[in-house]
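I'm opening my notebook on a new structure today. I'll jot down what I look up, one topic at a time.

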Amino acid sequence: PERVAFHPSSSSSSSDGYEKGFKVVSAATKYLLRPETIESIFYMWRYTGDEMYREWGWNIFQAIETYCKTSSSYSGLFDVTKIDGQQNDSMPSYFFAEYPEISVS
């Protein structure tokens, strides 16, 4: 998603709108393959050593592979809140420059 809010406690419940420590901010449900979220999580893991951040990054990586990968490349999504979210058939040029570097570190 383009905007998320993180809960200060990883033990937050889905009743307060947070699931697994974060929630998608309403009206920002698209995903344009931007690396900032996974990059921020990577730095938090490196800074704190807390495995929670590493797990979040791995979950994002797996979701990108599952929902954004196409037969020839990757695509952004119109709505990340839908399991069968439609791909937007667009991959920005920065995606391959930044995403793999963060994901394998």
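**Entry 1: a charged pair**

I started with D79, which is buried at 16% relative accessibility. My cut-offs: buried is under 20% relative accessible area, exposed is over 50%, and partly exposed is in between, with a 1.4 Å probe and protein chains only. D79 meets K82 in a salt bridge, side chain to side chain, at 3.9 Å from N to O. Salt bridge here means a side-chain nitrogen of Lys or Arg within 4 Å of a carboxyl oxygen of Asp or Glu.

Before going on, I noted the ground rules. This is a predicted model, where local features need pLDDT of at least 70 and side-chain atom pairs count only at pLDDT 80 or more, while totals for chains, interfaces and linings use all residues. Residues are numbered from 1 along each chain as its sequence is written, and side-chain values use heavy atoms, with hydrogens and water left out.

**Entry 2: the other salt bridges**

How many salt bridges does the rule give? I get three. One of them joins E65 and K69, with the closest N and O atoms 3.5 Å apart. E65 is partly exposed at 23%, and K69 is partly exposed at 43%. R54 and E51 also pair up, at 4.0 Å from N to O. Both sit in helix 2 (residues 51–68), three residues apart, which is about one turn of the helix. R54 is partly exposed at 47%, and E51 is partly exposed too, at 44%.

**Entry 3: the overall layout**

I stepped back and counted three helices and two strands. These are DSSP runs numbered from the N terminus: H or I with at least four residues for helices, E with at least two for strands. Along the sequence the pattern reads β-β-α-α-α. The chain has 105 residues, and 27% of them are buried. I also looked at contacts, meaning heavy atoms within 4.5 Å. Of the contacts with a separation of 6 or more, 46% are between residues 24 or more positions apart.

**Entry 4: helix 1**

Helix 1 covers residues 36–48. Its 13 residues should span 18 Å at 1.5 Å a residue, and its end C-alpha atoms are 18 Å apart, so that agrees. (The expected span is 1.5 Å times one less than the number of residues.) Which residues of helix 1 are buried? They are I38, I41, F42 and W45. They cover an arc of only 105° around the axis, so they are on the same side of helix 1. The arc is taken from the directions from the helix axis to the C-beta atoms.

T37 is in this helix as well, and it is partly exposed at 28%. T37 and G57 are 20 residues apart along the chain, with 8.7 Å between their C-alpha atoms. After helix 1 comes G49, which has a positive phi near 75°.

**Entry 5: helix 2**

I ran the span check again: the 18 residues of helix 2 should span 26 Å, and the end C-alpha atoms are 25 Å apart, which agrees. Its buried residues are Y53, W56, G57, I64 and C68. At the start of helix 2, a side-chain oxygen of D50 comes to within 2.9 Å of the backbone nitrogen of M52.

**Entry 6: the cores**

Next I looked for nonpolar cores, meaning sets of buried Ala, Val, Leu, Ile, Met, Phe, Trp, Tyr and Cys residues joined through side-chain atoms within 4.5 Å. The largest has nine residues: Y31, L33, I38, I64, C68, Y74, L77, F95 and Y99. Helix 2 and helix 3 (95–103) are the elements that give two or more residues to this core. A second, separate core has five residues, including F42, W45, Y53 and W56.

**Entry 7: L77 and N88**

Not counting residues up to four places away in sequence, L77 touches K30, Y31, Y67, C68, G85, Q86, Q87 and N88.

Where does N88 lie? I found N88 in the loop between helix 2 and helix 3. N88 is buried at 19%. Its side chain reaches the backbone nitrogen of S90 at 3.0 Å. Leaving aside neighbours within four places in sequence, N88 is in contact with Y31, L32, S75, G76, L77 and F78.

Conventions:
Expected span 1.5 Å × (residues − 1). Polar contact = N/O pair within 3.5 Å; in protein donor to acceptor, adjacent residues only side chain to side chain.
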